[in-house]
Amino acid sequence: MAGSVLKIAGRRLSQHTGSGAPVLLRQMFEPKSCTYTYLLGDRESREAVLIDPVLETAQRDAQLVKELGLRLLYAVNTHCHADHITGSGLLRSLLPGCQSVISRLSGAQADWHIEDGDSIQFGRFALETRASPGHTPGCVTFVLNDHSMAFTGDALLIRGCGRTDFQQGCAKTLYHSVHEKIFTLPGNCLIYPAHDYHGLTVSTVEEERTLNPRLTLSCEEFVKVMDKLNLPKPQQIDFAVPANMRCGIQTPPS
């Protein structure tokens with residue numbers, strides 16, 4: 001069950017009831033692509049995972065991991081991003097022992113290809129992988145094992161959702177993914193998206209089920225809205241996608 005949410009030095013720490021120390025959570029922001037990166041850790045074992053790191057802020061993330069005395073097991077991507085290069089490749093070099101993770105359906109390279117239902121363990125905690133395609137075929141949502149929080153990538157944003165007009169996107173598939181894989185979670189489950197463009201940081205399943213202007217429509221109406229968005233091409237797509245198909249792996253200098 002979700003408890004209080006505290007804001008500390010620009011980052012958010014979510015506290016959860018239950019036995020043992022609560023999960024450690026830090027939410028970080030990359031301004032160029034408006035991407036949120038999430039660090040989750042077990043306070044007892046010091047094992048941690050990082051969700052959706054960005055290349056330009058990988059050094060910051062690695063420094064925070066060290067400052068908090070954590071051992072980063074995995075740098076995880078919710079999908080193959082088109083608006084930034086992932087930092088997972090660089091983090092593998094900065095923090096030896098860290099492995100890159102992405103959905104097998106993304107077609108991207110990684111140390112570990114996950115599938116629907118896979119569990120990413122860190123200490124006493126785990127992230128359940130829920131396939132949530134539609135924005136891209138390889139999109140996944142990560143749900144903490146107590147169902148208190150979900151990291152939805154671009155599938156579900158706060159009062160919005162990811163676009164479906166490139167990277168083999170499909171509006172109908174996205175609609176069903178959100179309704180069947182995310183909206184079936186408890187209403188008080190916290191929603192942490194991969195992006196926000198309006199200064200919002202967190203929502204809940206119940207808020208999005210009732211207030212999301214797109215996803216409260218019927219499937220047919222939703223598809224019509226998505227087909228008429230006419231959004232500009234992402235500025236970094238031509239070099240971000242090829243780099244991310246290699247999971248952002250950077251070749252370290254010899």
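Residues are numbered from 1 along each chain as its sequence is written, and side-chain values use heavy atoms, with hydrogens and water left out. Because the model is predicted, local features need pLDDT of at least 70 and side-chain atom pairs count only at pLDDT 80 or more, while totals for chains, interfaces and linings use all residues.

**Overall picture**

The protein chain holds six helices and 14 strands. Helices (H or I, at least four residues) and strands (E, at least two) are DSSP runs, numbered from the N terminus. The chain has 254 residues, and 54% of them count as buried. Buried means under 20% relative accessible area, exposed over 50%, and partly exposed in between, with a 1.4 Å probe and protein chains only. The chain exposes about 10,800 Å², of which carbon and sulfur atoms supply 53%. These areas come from the Shrake-Rupley method with a 1.4 Å probe; for residues, only the protein chains shown count as cover. Among contacts with a separation of 6 or more, 61% join residues 24 or more positions apart. Contact means heavy atoms within 4.5 Å.

Helix 3 covers residues 171–182. At 1.5 Å a residue, its twelve residues should span 16 Å, and its end C-alpha atoms are 16 Å apart, which agrees. The expected span is 1.5 Å times one less than the number of residues. Ala171, Leu174, Tyr175, Ser177, Val178 and Ile182 are buried in helix 3. They cover an arc of only 165° around the axis, which puts them on the same side of the helix. The arc is that of the directions from the helix axis to the C-beta atoms.

Helix 5 buries Cys219, Phe222 and Met226. These fall within an arc of 55° seen down the axis, so they line one face of helix 5. The face turned away from that buried side carries the exposed residues Glu220 and Asp227. The buried residues of helix 5 pack against helix 3.

What else do the buried residues of helix 3 pack against? Besides helix 5, the table gives their partners.

| Partner of helix 3 | Residues |
|---|---|
| Strand 11 | 140–144 |
| Strand 12 | 149–153 |
| Strand 13 | 190–193 |
| Helix 4 | 205–211 |

Six strands form an open sheet in the order 9-10-11-12-13-14, with mixed pairing. Strand 9 (119–122) and strand 14 (203–204) stand at the edges, each with a single partner strand, so one side of each has no neighbour in the sheet. Strands 13 and 14 run antiparallel and are joined by two bridges. Two strands pair if DSSP finds at least two bridges between them. Ile191 stands opposite Ser203 in strand 14.

Glu207 lies in helix 4. Its relative accessible area is 29%, which makes Glu207 partly exposed. Not counting residues up to four places away in sequence, Glu207 touches Arg159 and Asn212.

**Nonpolar cores**

The largest nonpolar core has 23 residues; Leu40, Ile120, Phe122, Leu127, Phe142, Met149 and Phe151 touch the most other members. Such a core is a set of buried Ala, Val, Leu, Ile, Met, Phe, Trp, Tyr and Cys residues joined through side-chain atoms within 4.5 Å. Another core, of 19 residues, lies apart from it, and includes Val143, Leu174, Val205 and Met226.
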